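This briefing covers pockets, a strand pairing and backbone angles in one protein model. Please read it alongside the sequence and the structure.

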Amino acid sequence: MKLHGNIIGEGQPFIILHGFLGMGDNWKTLGKKISEQGFQVHLIDQRNHGRSGHSDAFSYELMVEDLIEYCRDHNLKRIHLLGHSMGGKTAMLFAIQYSDVVEDLIVADIAPKYYPLHHQDILDGLSALDFEILKSRGEVDKELSLYVADIGVRMFLLKNLYWKDKGALGLRINLKALVENAHEIGVELPEKYSYHGNTLFLKGERSNYILDADETRIKKQFPNSVIGEISAAGHWLHAENPTDFLIQVLEFVRK
């Protein structure tokens, strides 16, 4: 599948993969700052997200194949690869399967383990949106608030809103496929897989996605990894503390 990518700057290719229900544009501010340090940043929309193609099929294996196709189409021979949450799982599997393409790997707030489904309220809320009735961003937000109390999460979700036609709102995500394949989001990276390139795992101080108990498995599957922490941040660590996130990412890729 052809992926949509927003390319910023010139220099070493640096690919960023967003999380579940996100899009490359979520990373625009940080991507611009990274590009100013001599990198050509590619903000990718993964399948069924953003402006990339829609498909009933959805899995990490497919997202990895989408990404290698993107790299070949853009003649990217060697990349810095950063993935957040779902994008981190894609990035881990990509680095394992195409290690010759990956200069180094940065995984933001996700471990290779299995995660139980925990997006159901969000998916229920998005599924309840009736765009025959809802005609403004405010109306959509009000409806969504019945399912998602956190205003920050709602603001993140509302970035998927766009005008399909004059007076008709819609969502850029392929909601039907994501609901039907939601179980794929939490699947583990099989323990037989490993990547021996330089890897940085970053966890949010207030997040429970990477626990101390996960570090043994991370070190086993990614033996040349270090685990850093972003202070005063939860799961959206790059948005909650972008300054420290950027500092740690740049220090790592410059080594």
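Helices and strands here are DSSP runs, a helix being H or I with at least four residues and a strand being E with at least two, numbered from the N terminus. The model is predicted. With helices numbered in that way, the element that gives the largest share of the lining of the largest pocket is helix 6, with 5 residues.

**Largest pocket**

- The volume of the largest pocket is about 830 Å³.
- Its lining comprises 40 residues, and H84, V153, F156, H235 and W236 are the closest to the pocket centre.
- At least two lining residues come from each of helix 1 (28-35), helix 3 (86-97), helix 4 (120-127), helix 6 (151-158) and helix 9 (237-240).
- Sorted by class, the lining of the largest pocket holds 20 nonpolar, 12 polar and 8 charged residues.

**Second largest pocket**

- The second largest pocket contains about 260 Å³ of space.
- Around the second largest pocket there are 15 lining residues, with N198, E251, F252, V253 and K255 nearest its centre.
- Two or more lining residues come from each of strand 5 (102-108), strand 8 (199-204), strand 9 (225-230) and helix 10 (242-254).
- Among these elements, helix 10 contributes the most to the lining of the second largest pocket, namely 4 residues.
- The lining of the second largest pocket divides into 4 nonpolar, 7 polar and 4 charged residues.

- Strand 6 (residues 161-165) and strand 7 (residues 168-171) are antiparallel and joined by 4 bridges.
- W163 has L169 of strand 7 as its bridge partner.
- The two strands make a hairpin with 2 residues between them, and G167 in the turn has a positive phi of about 80 degrees.

- S85 is not a glycine, yet its phi is positive, at about 55 degrees.
- The residue S85 sits in the loop between strand 4 (79-84) and helix 3.
- S85 has a relative accessible area of 11%, so it counts as buried, the cut-off being under 20%.
- A232, also a residue other than glycine, has a positive phi near 55 degrees.
- The loop between strand 9 and helix 9 holds A232.
- A232 has a relative accessible area of 37% and is therefore partly exposed, since that class lies between the 20% limit for buried and the 50% limit for exposed.

How values were computed:
Residues numbered from 1 in each chain as written. Predicted model: local features only at pLDDT ≥ 70, side-chain atom pairs only at ≥ 80, totals over all residues. Heavy atoms only, no water. 1 Å grid on protein atoms, 1.4 Å probe; cavity = no way out; pocket = protein on both sides within 12 Å on 5 of 7 lines; lining within 4 Å. Points joined across faces, edges and corners; volume = space filled by probe spheres on them. Nonpolar A, V, L, I, M, F, W, Y, C, P; charged D, E, K, R; others polar. Pairing = 2+ DSSP bridges. Buried < 20%, exposed > 50% of the residue type's maximum accessible area, 1.4 Å probe, protein only.
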